[in-house]
Amino acid sequence: MTIFGLGYATRLGLNFFFSAVVLCIYAPIIVMIIFSFNSGRYQTLPFREFTTDWYARMLQDQNFIDGLGNSLIIASSVSISATILGFLAAYSFQKAEFPAKPIALGLLLAPLAFPLILVGIGMRLQFTSLGVKPGLWLVAMGQTIYVLPLAILNLRVGIANVSSSLEDAAISLGASRIRTLVEIIAPACRSTIIATLLITFTFAFDEFIIAYFLTNFEITLPIKIWTTLVTGFDPTVNAVGSGVFIFSVTLGLLAQILLFKRQPGKFS
Amino acid sequence: MRHVPAGNPWQLVLPALFLMIVLFLSPIVNMVGLSLTTSQGVSIQNYVNFFSTSHLTDAMMRSIQLAGIATLISSIISWPLAFFLAYCIPVQFRIAALLLLIAPFWTSFTIRAFSWQLVLSDNGVIAASLSYIVGEPVSVGILYTMAASILGLTLFGTMLTTLTLFGAMTAINQNLLEASASLGAKSWSIFRDIVIPLATPGWLVGTTLTFVICVGDYAVPTLLGGGLKPVLAQLMLSTVKGTYDLPNAATMAMILMFIVLLAALPMTLHILVLRKQS
């Protein structure tokens, strides 16, 4: 703050600019949340009457319930498997030496810098040519690929913060590698692991394009939202969108709080 | 004290690596093969067809144009934003301000694009407010244009690039800045000579990721850009789910991948040069 002796006008301008961008980001979402309580059938001003009907309708819609159920199951299995695989891989990158280590790391992080549509179409074409029918289990596998890099990046920091004397002590006292991982390393970076579970869950829960490519008729919540949007409008979408938005942002914020709280080497 | 050898637990990387090879690498190899498959055997005929079909090349150009403009705008406006977050906000509020900016992006493109429909459509919030002021119906005509798609993707890119740029700016050694300030350097020259060069890698990562994600996005071009002037991603989806012309779909995917690899080249080169220097 003291380094850049900015003039009053510059400072005001930057404040204004930041606020304008934040406003642009939030305004449409706030509009959506407001409309989700609007009794009017059409999405236009003026606001009619306050109602929670759209939320009630959402809960009565069997397609919505099915999609939500599928999404919860898929996102849970994706986040658990990506966190376990990511934990093992991150530990290996942190503690082991092997040939082609940078290439292996590059491959594991590649989906991060890759359009998701290519993951979806690639798996679709591959499994179709193998005679495998698209389905929700394929969605789970595709989404695991998508969130695995995030898990590895997060967990690498968490594992690096664990003092290696703890694990050396465990191993020198005769604990096996797996036991050391489960009983020493994992508890020591507990908050990173929980944060990783939350973040990967959120990303899988909201993921649309991989799921769309890897299904024919099965629905996840994002697919349900999508089909509602492109096949004639239904104001229930406002309620669903608002609910999903609040849910995802809450999980994401929880994960960030856990990550900021983690302290190097703290054993708790 | 005797150091306890921790061993070399390299095998633990294998499950993740196996999954990535089966579900990521092998589908790409498969697509390369498919794109070179024609009824006459192996040839580049699919690519020749692609580049001689104008609605396909148009879609490719639209993808590049859309992602390029969104990346360009967001790569510029992320500088003042990241600067503001890194240097103009009291430290205790910094993370809160950053989270304020990135939190909405934990939800999907689909929902954010849809919420923009509510604002931009011809009976949306902007049109309704304008016609209230003017006193007669106003047609805005923004929804289902490329401008609307650009808006949606630019906001995303701004968040992403600001995030990586902020990371790079806060990683700059504070002593370096203070030393140059106390030796009499002006604010602008500190920014130009220290902050810009040291933050550029973070900026390149952000802009590259923005382009890569935007060029392959399907939700924003469909919900905000409409279907009349499709981008490559929209054609890929309609090919896979509609006509089942798999070699053609694979060819489009390979072309998208080639664009992505080309776009990532500056970042890769920059990182390699930096690594060589250090």
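A residue is called buried here if 20 or more other C-beta atoms lie within 10 Å of its own, exposed if 12 or fewer do, and partly exposed in between, with C-beta atoms placed from the backbone. That term will be handy throughout this look at a two-chain complex. The model is predicted, so local features need pLDDT of at least 70 and side-chain atom pairs count only at pLDDT 80 or more, while totals for chains, interfaces and linings use all residues. Residues are numbered from 1 along each chain as its sequence is written, and chains are lettered from A and ligands numbered from 1 in the order in which they are written.

**The two chains**

Helices (H or I, at least four residues) and strands (E, at least two) are DSSP runs, numbered from the N terminus. pLDDT is the predictor's confidence in each residue, from 0 to 100. With those in hand, here are the chains side by side.

| Item | Chain A | Chain B |
|---|---|---|
| Helices and strands | twelve helices, zero strands | 13 helices, two strands |
| Mean pLDDT | 89 | pLDDT of 90 |
| C-alpha box along the principal axes | roughly 70 × 65 × 30 Å | roughly 75 × 70 × 35 Å |
| Buried residues | 46% of 268 residues | 45% of 278 residues |

Chain B has a radius of gyration of 24 Å, whereas a compact globule of 278 residues would have one near 19 Å; the radius is taken over C-alpha atoms, and the globule rule is 2.2 Å times the number of residues to the power 0.38.

For the complex, the predictor gives an ipTM of 0.90 and a pTM of 0.91. Within chain B, confidence is highest in helix α3 (residues 54-87), at a mean of 96, and lowest in α6(B), at 81. Over residues 264-268 of chain A, pLDDT stays under 50, and the model has six contacts for them beyond four places in sequence. Where pLDDT is low, the predicted coordinates should not be read in detail.

**Where the chains meet**

Two residues are in contact if their C-beta atoms, placed from the backbone, lie within 7 Å. Chain A brings 84 residues to the contact and chain B brings 72 residues. Helix α1 (residues 8-35) of chain A gives the most to its side, with 15 residues. That side of chain A has 59 nonpolar, 17 polar and eight charged residues; Ala, Val, Leu, Ile, Met, Phe, Trp, Tyr, Cys and Pro count as nonpolar, Asp, Glu, Lys and Arg as charged, and the others, Gly among them, as polar.

**Helix α6 of chain B**

In helix α6 (residues 125-134) of chain B, the buried residues are B:Val125, B:Ala127 and B:Ala128. They lie on the same side of α6(B) because they cover an arc of only 165° around the axis, the arc being that of the directions from the helix axis to the C-beta atoms. What covers them includes α1 of chain A together with α5 (109-120) of chain B. The face turned away from the buried side carries the exposed B:Ile133 and B:Val134. Just after α6(B), B:Gly135 takes a positive phi of about 100°.

**A buried leucine**

B:Leu165 is found in helix α7 (residues 146-171) of chain B, and counts as buried because there are 27 C-beta neighbours inside 10 Å. Leaving aside neighbours within four places in sequence, the contacts of B:Leu165 include B:Trp79, B:Ala199 and B:Trp203. B:Leu165 and B:Ala199 are 34 residues apart in sequence, yet 6.3 Å apart in space, C-alpha to C-alpha.
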